[in-house]
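Please open the structure in your viewer and keep the selection panel at hand, as this tour moves from one selection to the next.

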Amino acid sequence: MDLTWYLSLSAVLFTIGVLGVLLRRNVIVVFLSIELMLNAVNLTLVAFSQAFGDVDGQILVFFVMSVAAAEAAVGLAIVIAMFRNKLTINVDELRLFRG
Amino acid sequence: METFLFFVFAVFAVAGSLGMLISRSPVASALWMVQTMLAIACLYLTLNATFIGVVQVLVYAGAIMVLFLFVIMLLNLEQTPRLSAFTWQRAAAFVGGVAVLALLLTAVAEQTDVFPSPTAVAVVEASDEVAVVGPEGEVAVIEEDEAAVVPLDPTSVEQIGVALLTRHAFTLEIVGALLLAATIGAVLLAKKRFT
């Protein structure tokens, strides 16, 4: 099985994640798209790790998963806090940093 | 067989992510995403990366997606917003996304002869000799005294555990501190009132 197929699939998944961030206005779907991009990169790392017989790629995937879990926890807490005050999760209507 | 499985799971992964992209309800998006996560876990298994595959199911498809669904249902959004019509912003976003895809695929295609096959080294251990199965299925039998030269199977949990607790021990500690800080930060943020 050629490594190129795995990398191409990863590129397609990453692009769908980019499109999700750019096209969708629901902040939870934007979050899901970011997770999809992280998964696409993880797939690349595992494919390279197996191709070169090096375990470090999988260690890196392990750490990426940890950071993704932390990011999801903090990000969803921010979403809850914003929703309680603004009653919306549309990213166009959330302008917390704009004063 | 591996090629067949790859294409089956690749179709599942892409279909799940497209469903995530175009479904109107956030709950449906999250459930499509679970399908994508599980398909990617199966792809890890086709790469012989069993540990990462299991962690993918436990952490992503289990913990993180349940957290997402929990928050979606906690927010209890009644109206599912209609996917709005054509705007120039959306058109520009679509063009930008396709440009990213073109860039990535060009980068992959230019390097296509450099990469080795991901399953090139599969060490099959016999009783007193070691056979190495090449990418085309050719088998090279190695006597026992030569067997030490064969690189260890990088996929085993043992290898990952040894690397994690020796070379990457400090990083592991940092990640532990990060997770603790994220937990505390999430609790504090969810209680905070923005004005």
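The stops below go from the whole model to each chain, then to the contact between the chains and to a few single residues.

**Whole model**

Before selecting anything, bear in mind that this is a predicted model, and that its scores are ipTM 0.90 and pTM 0.81.

**Chain A**

Turned along its principal axes, the C-alpha trace of chain A spans about 50 × 25 × 20 Å. Of the 99 residues in chain A, 55% are buried, and among its contacts between residues at least 6 apart in sequence, 42% join residues at least 24 apart.

Next, select residues 6-23, 30-53 and 59-83 of chain A, which an unreviewed UniProt entry annotates as "transmembrane region". For residues 30-53 of chain A, the model gives 96% helix and 0% strand, with the end C-alpha atoms 35 Å apart. For residues 59-83 of chain A, the corresponding values are 100% helix and 0% strand, with 36 Å between the end C-alpha atoms.

**Chain B**

Now switch to chain B, where six helices and three strands are found, arranged along the sequence as α-α-α-α-β-β-β-α-α. Chain B has 195 residues, of which 22% count as buried, and 40% of its contacts between residues at least 6 apart in sequence join residues at least 24 apart.

The mean for chain B is 80, and 72% of its residues reach 70 or more; confidence is highest in α2(B), at 93, and lowest in strand β1 of chain B (residues 122-125), at a mean of 48. Select residues 120-127 of chain B, where the pLDDT is below 50 and where the stretch has 14 contacts in the model beyond near neighbours in sequence. Then select residues 145-150 of chain B, also with pLDDT below 50, which have six such contacts. Where pLDDT is low, the predicted coordinates should not be read in detail.

**Where the chains meet**

Show both chains together and select the residues in contact across them: 73 residues of chain B touch 62 residues of chain A. On the side of chain B, the elements that give two or more residues are α1 (2-22), α2 (26-46), α3 (50-75), α4 (88-110), α5 (157-165) and α6 (169-191) of chain B. Which helix gives the most to that side? The answer is α3(B), with 13 residues. Coloured by class, the side of chain B that touches chain A shows 53 nonpolar, 16 polar and four charged residues.

**The largest nonpolar core**

Stay with both chains and look for the largest nonpolar core, which has 65 residues; those with the most contacts inside this core are A:I28, A:L32, A:V46, A:A47 and B:L43. Two or more residues of this core come from each of α1 (3-23), α2 (27-52) and α3 (56-86) of chain A, and likewise from α1, α2, α3 and α6 of chain B. The element that gives the most is α2(A), with 13 residues.

Centre the view on B:L43 and, leaving aside its neighbours within four places in sequence, display the residues in contact with B:L43: they are A:L43, B:F6, B:F9 and B:A13.

**Two last stops in chain B**

Move to B:N48, in the loop between α2 and α3 of chain B. Its phi is near 65°, a positive value in a residue other than glycine. B:N48 is partly exposed, with 18 other C-beta atoms within 10 Å.

Finish at B:T3, in helix α1 of chain B. Is B:T3 buried or exposed? B:T3 counts as exposed, because 11 C-beta neighbours lie inside 10 Å, and the cut-off for an exposed residue is 12 or fewer.

Definitions and conventions: Residues are numbered from 1 along each chain as its sequence is written. Chains are lettered from A and ligands numbered from 1 in the order in which they are written. This is a predicted model: local features need pLDDT of at least 70, side-chain atom pairs count only at pLDDT 80 or more; totals for chains, interfaces and linings use all residues. A residue is buried if 20 or more other C-beta atoms lie within 10 Å of its own, exposed if 12 or fewer, and partly exposed in between; C-beta atoms are placed from the backbone. Two residues are in contact if their C-beta atoms, placed from the backbone, lie within 7 Å. UniProt positions are given in the numbering used here, feature names are shortened, and annotations may be inferred rather than shown by experiment. Helices (H or I, at least four residues) and strands (E, at least two) are DSSP runs, numbered from the N terminus. Ala, Val, Leu, Ile, Met, Phe, Trp, Tyr, Cys and Pro count as nonpolar, Asp, Glu, Lys and Arg as charged, and the others, Gly among them, as polar. A nonpolar core is a set of buried Ala, Val, Leu, Ile, Met, Phe, Trp, Tyr and Cys residues joined through C-beta atoms within 7 Å. pLDDT is the predictor's confidence in each residue, from 0 to 100.
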